[in-house]
Structure formats: structure tokens, C-alpha cells
Amino acid sequence: MIELVEVYRYLPAEEVPNVVECGLKLTKWYDRTIIADGQKNLYISALLNPKDDMAKYCSDNFKCVRLEVPSKYCHVADKSLYLAGQRNPEIMNLYYKTLIPVEQYIFGSYRKPECLINTTIIYSQISELNKGLGSPVLYNNSEELYLNNIVESLKEEHDNFNDAILYYLYDSLVKEGKYRKVESADSNLAVFNDNRTDKFYIIKKPDLKKY
């Protein structure tokens, strides 16, 4: 039995009827080119979650289509590195290293995962997505899942993680002149006072030796 991968792609609204009827031809719709082992490979990029591109999700100029593609044609890479690597070859090389078969991808391990499809997608594999009646998605968007996974991992490793992250956040606001900080030499506490509201927050000073 052929295993299918369900992914999503935003298209200009006026293109959707034709695509649903005729499909997505790889040589026309590819938007990624990767050279491996001296061979030029073309890919159509797609999303793992429709909400991974909120600008297009909320736009009337684009519509989302659902693609059901055999997994053997699908890889996953981290789009955040692709975007950052446009003018930085070193980062672009990192992007290439994130390219893995879709079945190896663990949800939440890439900040902006994209599915790269290296085949033409025929019309029977394409349907317009109804936002209200689409397939159930178990997480809000991939970037949020990625960040939550990092935070939860650090919380498990460090008991005082919440204090540490708040300390450095408020400390940066002190440097910007938005807060005042009072610390006691014989206490592990710091008091941050909001200059606008006069509210104050008591935070434990992080012990950097534990990190």
C-alpha cells in the first residue's frame, strides 16, 4: 500500500480552479532547486500545517489546497534556514543538511518545516481546503510547536528556567531605561520596577554555573 503524505500549498486564488482540474506540474511550479551529487533537483514546497503561513492564511488573494502525495517523493527541510541563507552560503549549507525523508521528520524539530516534493502532483491528489472543514490539525502552527518544545526541554533540565528567562528579559528592559532594578548582595532575589506603572516583580537571580 502506498503511504500518502498530506500537506498544504497556498496559490493565487485565480489559479486554484485550474490547478484542481489539471494538477501542479513540477517544471512549472517548482520553487526550490537543490544540487546533490552533481544532479539538479527541482522541488515544489508545501506546508505541514495551513497556519504555518498566517499572512496567506488570512489573505483573500490566496487559497489553500490540500495535497496528498506518495511519501517517497517527499522530503522535509527547515525553511527558516532557507530564508536566512539567501545571502549567506554558510547558512544555506545548513539548510541543505536539514533535508531528510518525510518519514524521518519529528514534529516540532524544525522552526519552519517545509515539505519538498520532487514530482508533478496530479489533479486527483489535489483538493481545495475548506478552513472550517479541513483535516484536524493537532497543533496551532509549526513555529509555536518548535519553540514550546525547546522551552519544555529546558524546563526539564533546569528547575529555575522560568526565573532565568524572566531575569534576562527584565534586565534588558532595565538597559533600555524602561525598568529599574534593585538587588541585595546577601539575597538571590532581584526586584524589577516598571517605570510606567510602578508595578514591581521579584525574580530569583539565575545561577549560571547550573547552565
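Select Leu67 first: leaving out residues up to four places away in sequence, Leu67 touches Val5, Glu6, Val7, Arg9, Leu24, Ala46, Ile117, Ile121, Gln125 and Ile126 (contact means heavy atoms within 4.5 Å). This is a predicted model, in which local features need pLDDT of at least 70 and side-chain atom pairs count only at pLDDT 80 or more, while totals for chains, interfaces and linings use all residues. Residues are numbered from 1 along each chain as its sequence is written, and side-chain values use heavy atoms, with hydrogens and water left out.

The largest nonpolar core has 26 residues, and Val7, Leu24, Leu67, Ile117 and Ile121 have the most contacts inside it. Such a core is a set of buried Ala, Val, Leu, Ile, Met, Phe, Trp, Tyr and Cys residues joined through side-chain atoms within 4.5 Å. Among the elements that give two or more residues to this core are strand 1 (4-12), helix 1 (16-22), strand 4 (62-70) and strand 7. Helices (H or I, at least four residues) and strands (E, at least two) are DSSP runs, numbered from the N terminus.

Now pick Gln125, in the loop between strand 7 (113-117) and strand 8 (126-128). Gln125 counts as buried because its relative accessibility is 17%; buried means under 20% relative accessible area, exposed over 50%, and partly exposed in between (1.4 Å probe, protein chains only). Beyond residues up to four places away in sequence, Gln125 touches Arg66, Leu67, Glu68, Pro70 and Thr120.

Then show the aromatic rings. The whole structure holds 10 aromatic pairs. Tyr95 and Tyr96 form a tilted pair, 5.8 Å centre to centre with 55° between the planes. Rings of Phe, Tyr and Trp (its six-membered ring) pair if their centres lie within 6.5 Å; planes under 30 degrees apart count as stacked, over 60 as edge-to-face and the rest as tilted. Tyr95 is buried at 1% relative accessibility, whereas Tyr96 is partly exposed at 34%.

Move to Tyr170 and Tyr179, whose ring centres are 5.3 Å apart with planes at 40°, so this pair is tilted. Both Tyr170 and Tyr179 are buried. Tyr167, Tyr168, Tyr170, Tyr179, Phe192 and Tyr201 form one aromatic cluster.

Finally, select two charged residues. Arg32 lies over the face of Tyr82, 3.8 Å from the ring centre, and the charged end of Lys56 sits over the ring of Phe62, 4.9 Å from its centre. The test is NZ of Lys or CZ of Arg within 6 Å of the ring centre and within 35 degrees of the ring normal.
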